[in-house]
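The following explanation is intended for a reader who meets this structure for the first time. Please keep the sequence and the model in view while reading.

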Amino acid sequence: MARKACIGLFFVFLFLSTLCVAQKNEFSVSVGATVASGTKGTFCNIFNFVICNPVQFGLATSTAASYEGTYARQLGDFRVGTLYIELPILGIPGRNVHDEGLRFSGSNNSGIFVTPSLRLKMLPKSWISPFASAGGGFAYFGNSFGLSNTSAAGQLGIGADFKSPIRYLGFRVEARDFITGRPKIEQAFGGNSVPNHQHNLFMGGGVVLHF
């Protein structure tokens, strides 16, 4: 019985060692900030019930702390470059939406972005490995007024990975643009706001675990 257990443990450790040597998986955690593009438009003055009196408005979204976790699996190694399929998930706990004149503070807006992507990492054996990523998925927006909506989302990203003295640990700096529709709190101001999409530019850095 003990012999069988030892043999079983041997194959388990052999399997885990193979995974570690291959290092075909990555998991990263990045912390940074997200900057969102604004919108402009007009809506009818609600106090004028006879003739619509267009009122100009501009909305801005404050820069907010953001957190991203990404799992990636290697699809192919081409020596000078490595192709991965990855799943970046970006979370923004809260950011303020307000008019550009700061006449009202707006609402506390949160967002989650889930965008399966392909990533190409160049010079994977070097101490610094630049990469580019592209993909698409969805975004979820919610706010303190109780309005929420989902939107299709595209993702374009660039960055670089840095090796560390610890074999399975690295560091990453990155910038990703999550392109989505407008959050519902902004849609409520009128259907003629422009543009009808939003850029959510995340910039951050963190650690990468290779296994």
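The paragraphs below turn to aromatic rings, then to a charged side chain, and finally to one residue of a strand.

The model is predicted, and it holds 3 aromatic pairs. A pair of aromatic rings is described by the distance of the centres and the angle of the planes. In the pair formed by Phe 113 and Phe 141, the ring centres are 5.8 Å apart and the planes meet at 85°, so this pair is edge-to-face. An angle over 60 degrees is what the term edge-to-face requires. Phe 113 belongs to strand β6, which covers residues 107-114, while Phe 141 belongs to strand β8, residues 128-143; the pair therefore ties together parts that are 28 residues apart in sequence.

Another pair joins Trp 127 and Phe 162. Their ring centres lie 6.0 Å apart with the planes at 45°, so the pair is tilted. Trp 127 is found in the loop between β7 (117-122) and β8, and Phe 162 is found in strand β9 (residues 148-163); this pair therefore ties together parts that are 35 residues apart in sequence. Trp 127 is exposed, its relative accessible area being 58%, whereas Phe 162 counts as partly exposed at 25%.

Rings also accompany a charged side chain. Which rings does Arg 119 lie over? The charged end of Arg 119 sits over the ring of Tyr 84, at 4.8 Å from the ring centre. Arg 119 also lies over the face of Phe 131, where the distance to the ring centre is 5.3 Å.

With a relative accessible area of 7%, Ala 153 is buried, because the term applies to values under 20%. Once its neighbours within four places in sequence are set aside, Ala 153 is in contact with residues including Thr 115, Gly 135, Gly 136, Gly 137, Phe 138 and Ala 139. Ile 179 and Thr 180 are also among its contacts. Between the C-alpha atoms of Ala 153 and Asp 177 the separation is 9.8 Å, and these two residues are 24 residues apart along the chain.

Conventions. Residues are numbered from 1 along each chain as its sequence is written. This is a predicted model: local features need pLDDT of at least 70, side-chain atom pairs count only at pLDDT 80 or more; totals for chains, interfaces and linings use all residues. Side-chain values use heavy atoms; hydrogens and water are left out. Rings of Phe, Tyr and Trp (its six-membered ring) pair if their centres lie within 6.5 Å; planes under 30 degrees apart count as stacked, over 60 as edge-to-face and the rest as tilted. Helices (H or I, at least four residues) and strands (E, at least two) are DSSP runs, numbered from the N terminus. Buried means under 20% relative accessible area, exposed over 50%, partly exposed in between (1.4 Å probe, protein chains only). A charge sits over a ring if NZ of Lys or CZ of Arg is within 6 Å of the ring centre and within 35 degrees of the ring normal. Contact means heavy atoms within 4.5 Å.
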